[in-house]
Amino acid sequence: MEESLTPFLQYTEKDRRPNAPAFSLALQGPEKLSRTAPYLFHVTLQRVDEASHYCVFAWYPQTHGFATSNGFILLHCTAQGELHQVKLPEYTTLPQLEHQHFSPYHCHKPGNVQQYYDVIPDRLIPCLQTGERYVLLWPGQQYSSWNWIDKVDNSKVVLPGGPFLSFTVEDDGNRPIVPTLISGLQECCPTLIAKIECCPQGQVALQDDLVLATLHVTYVPTSGSGGRPFTFNTAGLTVELWVWRDRWVNLKGFVCGGGWAFVDDPDMQVSPGRDEGFASLRPGETWSNVLRLPLLTDMESNDGGEARVGEGIRCLFTGLQLDWWVWGSREDYLETTVTIPATGSWTVREPGEQPNVSIPAAAPVDLEIV
């Protein structure tokens, strides 16, 4: 299979720059894809160079693989063993994502390994025929949006092509396809997937001066979760708005009266079982946060001035590592207290001793102002 994929590769290990950190990507998923159930796959991003410096870099399938024309390639495996590229629907008419703005960066020490689950977007399912076999290939790409922690270098990071998922499409929705636990983890963690929904879809009225967006976080059952509930801090689970004005402009920070405030009050004690800043989920359940985001019309002149009909808005959830989580429901922690700062940021002072749980970036949603 690997040899037959060679003609579709755009960047390989030979294209790596000597002055840039080296990363490898690995993908692992089920051999069957159900048209009626999410197709989850493992993602492993590992730093493999021998440099001693820390670097900052991020890569997510939804933003770097599915929401760009330079991302994943879908190949159809014919009965004769040939591979034919499938034309995917255009994701957006807006310019490509600027990854230095839209992705949360991660600090990678030498040998660092980042692992999580992600999901094939629903919009790709209509491109698949039942009973046929497909390959989702990472062809490789280069990125300028990275940096060393303690020095500057203009070389580009190459994430070599070659990793792929291979699956046969099925219509059997009554037989769940449950992925196995990522190998190498010392203890299983909740598997979380995020999704953004906007109402109405595809557009927002200028006169309403408001974007109604909902962030859904689903606890996906896996073979390693054991069906256990877990409780978590919901801090940071929100959506950003950007507007395209010959460049991407973040709407955050332009709210009238907005700004930073210094608070010197004592930290507060709250109960994860009682405080609204915490939630719990069981496998298969979804936590949702309905957000009413102002469509600002009083932006500063150097950012394009007032919002106008025809402009494009992008709604983003750029991924997050949970600030605090524990196994068990909220009822199990009614008498437990944790410390949060008086600033109201709801960042827990005592991180749990559990493994890190990351929610990967969700597929962006684009809206047009009408």
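Visitor: How many residues does the largest nonpolar core have, and which of them have the most contacts inside it?

Guide: The model is predicted, so local features require pLDDT of at least 70 and side-chain atom pairs count only at pLDDT 80 or more, whereas totals for chains, interfaces and linings use all residues. Residues are numbered from 1 along each chain as its sequence is written, and side-chain values use heavy atoms, with hydrogens and water left out.

The largest nonpolar core has 39 residues, and I196, F230, F232 and C315 have the most contacts inside it. Such a core is a set of buried Ala, Val, Leu, Ile, Met, Phe, Trp, Tyr and Cys residues joined through side-chain atoms within 4.5 Å; buried means under 20% relative accessible area, with a 1.4 Å probe and protein chains only. Strand 16 (residues 210-220) supplies the largest share of this core, 5 residues; a strand here is a DSSP run of E of at least two residues, numbered from the N terminus.

Beyond its neighbours within four places in sequence, C315 is in contact (heavy atoms within 4.5 Å) with I196, C198, V211, V239, E240, L241, P364, V365 and L367.

N233 lies in strand 17 (residues 230-233) and counts as buried because its relative accessibility is 1%. The side chain of N233 makes a polar contact with that of D323 at 3.3 Å; this term denotes a pair of N or O atoms within 3.5 Å, of which, within protein, one must be able to donate a hydrogen and the other to accept it, and residues adjacent in sequence count only if both atoms are side-chain atoms.

Methods: Helices (H or I, at least four residues) and strands (E, at least two) are DSSP runs, numbered from the N terminus. Buried means under 20% relative accessible area, exposed over 50%, partly exposed in between (1.4 Å probe, protein chains only).
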